[in-house]
Amino acid sequence: MRAAIVTMGCKVNQAESAALFAGLSKAGYDIGDPVGADLIVLNTCSVTSKADKEALTLLRRLRRANPGAYLVASGCLAQLSPEKLVAPNLADLALDAKGRDHILDYLPKRLNPQKLTHPPTFDSSFSAVPAPYKTRVFLKIQDGCAAYCSYCVVPLARGPERSLEPQVALSQLKAILSAGVREVVLTGIHLGRYGQDLGTDLRRFLALIATEFKAPRNFRLRLSSLEPNEIFWASEALESGLLAPHIHAPLQSGSDRILKKMGRPYLRDDYRRIILDLAQKFGPLALGCDVLVGFPGESHKDFQQTYLLLEELPLSYFHVFPYSPRPGTKAAEFPERIPDPVKKERVKALKDLDKVKRAAFLTTQYPLKHLGLVENTLDPKGRFRVLTGSYIRAVWGAPAKPVPNTLIAVRLKEPKTVGDPPEAYPW
Ligand code: SF4
């Protein structure tokens with residue numbers, strides 16, 4: 001019996017797909033490409049209306065390419081609007097998070113490969129087993145959010161904050177590392193709130209890991225994303241080198257007026273100070289953020305403030321999203337919608353700025369020594385992919401083949417062809 005898992009969206013979805021991968025493999029499925037699969041699971045995202053549309057397009061495409069497959073939709077859109085997903089040309093079944101953990105219970109008999117009367121549950125609420133289909137493993141240690149930023153549908157899809165017990169998370173980490181994994185990304189919907197429901201916090205959890213795995217270590221950790229006002233939880237682990245030199249801290253807007261309307265817990269100057277402090281303390285650190293453009297009422301002046309802040313700060317990249325109203329959120333009721341052409345123009349301006357910032361960051365990285373993770377997969381030109389701690393995606397440039405899934409000291413060189421990624425060579 002063959003299955004395929006297609007994942008949209010964030011690193012938490014990837015961690016949950018990994019748990020599903022492990023569970024379905026255990027139940028006897030061969031996991032591979034959607035082509036010719038008996039069962040296909042699409043793990044959807046619903047963070048923007050564009051993501052909703054993409055989920056429907058993907059389902060249609062999967063259905064057309066695999067008319068005989070049993071198609072299951074899970075993830076945030078399946079949680080929020082399952083009725084949108086089940087139709088003859090779309091999915092056969094939509095499962096919420098609990099349902100996905102018991103997916104074999106819901107499948108037709110022909111798809112229960114070992115005729116299991118008590119099929120295993122997959123516990124995708126927290127990924128228990130790494131799926132070794134990628135070099136890096138996403139370990140989900142936190143789920144849910146209670147921040148209710150006014151534009152965000154995630155708290156409705158994901159529910160209240162909950163964390164994986166530190167000792168359980170630690171033993172999962174040990175299992176992942178003992179399988180030879182060299183980079184683990186700790187993920188969560190609101191990662192900076194890790195442990196608050198258990199009377200602990202992210203700093204203590206990272207300290208626990210540092211005590212368990214003393215330096216020098218043959219692996220590195222990375223954090224998926226931290227709210228700017230919660231970065232302090234990570235400072236010791238960044239300093240000690242337990243964490244890769246990379247922080248992703250959503251900004252969303254550089255205008256105080258808009259930040260307040262968004263319900264974000266910081267102002268422009270707070271963000272500015274936090275990022276400048278980080279850059280001063282840690283030097284060549286990769287600093288990324290998300291920006292939401294065209295929030296209701298965003299004036300030209302508000303947008304300019306965002307642009308100027310992004311231009312000024314030592315950020316290495318940013319992800320730009322046009323605002324779209326999400327049903328059930330506060331902002332969906334806000335007046336003063338920004339016309340689409342204005343949003344498009346603003347998105348383009350920021351994407352252009354992002355290109356400039358990425359290029360500027362790269363030039364600061366060429367003289368440095370990096371720890372590169374050689375990935376298992378090759379790029380379309382057949383070259384090994386190398387990921388640095390500072391989140392630069394390079395390709396292997398030296399004639400001697402590297403060993404996949406190893407961390408090695410590399411230097412980066414400008415690509416020979418314009419538009420190609422930088423090249424990595426042994427240090
Ligand atoms: S912190 Fe805000 S943006 Fe992030 S998941 Fe929670 S509500 Fe959404």
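Ser-224 counts as buried in this predicted model, because its relative accessibility is 11%, which falls under the 20% limit for that class. The residue sits in the loop that joins strand S9 (220-223) to helix H9 (235-240). The points below take up its surroundings, then the domains, a pair of helices and the ligand shell.

**Surroundings of Ser-224**
- When neighbours within four places in sequence are set aside, Ser-224 is in contact with Val-185, Leu-186, Thr-187, Gly-188 and Leu-191, and also with Lys-11 and His-248.

**Domains**
- The protein chain is divided into domain 1 (2-111), domain 2 (137-365) and domain 3 (370-426).
- Taken over C-alpha atoms, the centres of domain 1 and domain 3 are separated by 32 Å.

**Helices H11 and H12**
- The axes of helix H11 (residues 268-282) and helix H12 (residues 300-312) come within 11 Å and cross at roughly 10 degrees; the two helices are therefore roughly parallel to each other, since angles under 35 degrees are classed in this way.
- On the H11 side the contact is made by Arg-268, Tyr-271, Arg-272 and Leu-276, while H12 contributes Gln-305, Thr-306, Leu-309 and Glu-312.
- Sorted by class, the residues of this contact between H11 and H12 comprise three nonpolar, two polar and three charged.

**Ligand shell**
- The residues around the ligand include Cys-145, Ala-147, Tyr-148, Cys-149, Tyr-151, Cys-152, Val-154 and Pro-155, and His-190, Glu-227 and Arg-264 also belong to the residues around the ligand.
- By class, the shell around the ligand divides into eight nonpolar residues, one polar residue and two charged residues.

Conventions:
Residues are numbered from 1 along each chain as its sequence is written. This is a predicted model: local features need pLDDT of at least 70, side-chain atom pairs count only at pLDDT 80 or more; totals for chains, interfaces and linings use all residues. Side-chain values use heavy atoms; hydrogens and water are left out. Helices (H or I, at least four residues) and strands (E, at least two) are DSSP runs, numbered from the N terminus. Buried means under 20% relative accessible area, exposed over 50%, partly exposed in between (1.4 Å probe, protein chains only). Contact means heavy atoms within 4.5 Å. Domain bounds come from an automatic or database domain assignment. Axes are lines fitted to C-alpha atoms, for helices over the stretch in contact, and angles run from 0 to 180 degrees between N-to-C directions. Angles under 35 degrees count as roughly parallel, over 145 as roughly antiparallel, 65 to 115 as roughly perpendicular and the rest as oblique. Ala, Val, Leu, Ile, Met, Phe, Trp, Tyr, Cys and Pro count as nonpolar, Asp, Glu, Lys and Arg as charged, and the others, Gly among them, as polar. A residue is near a molecule or strand if one of its heavy atoms lies within 4 Å of it.
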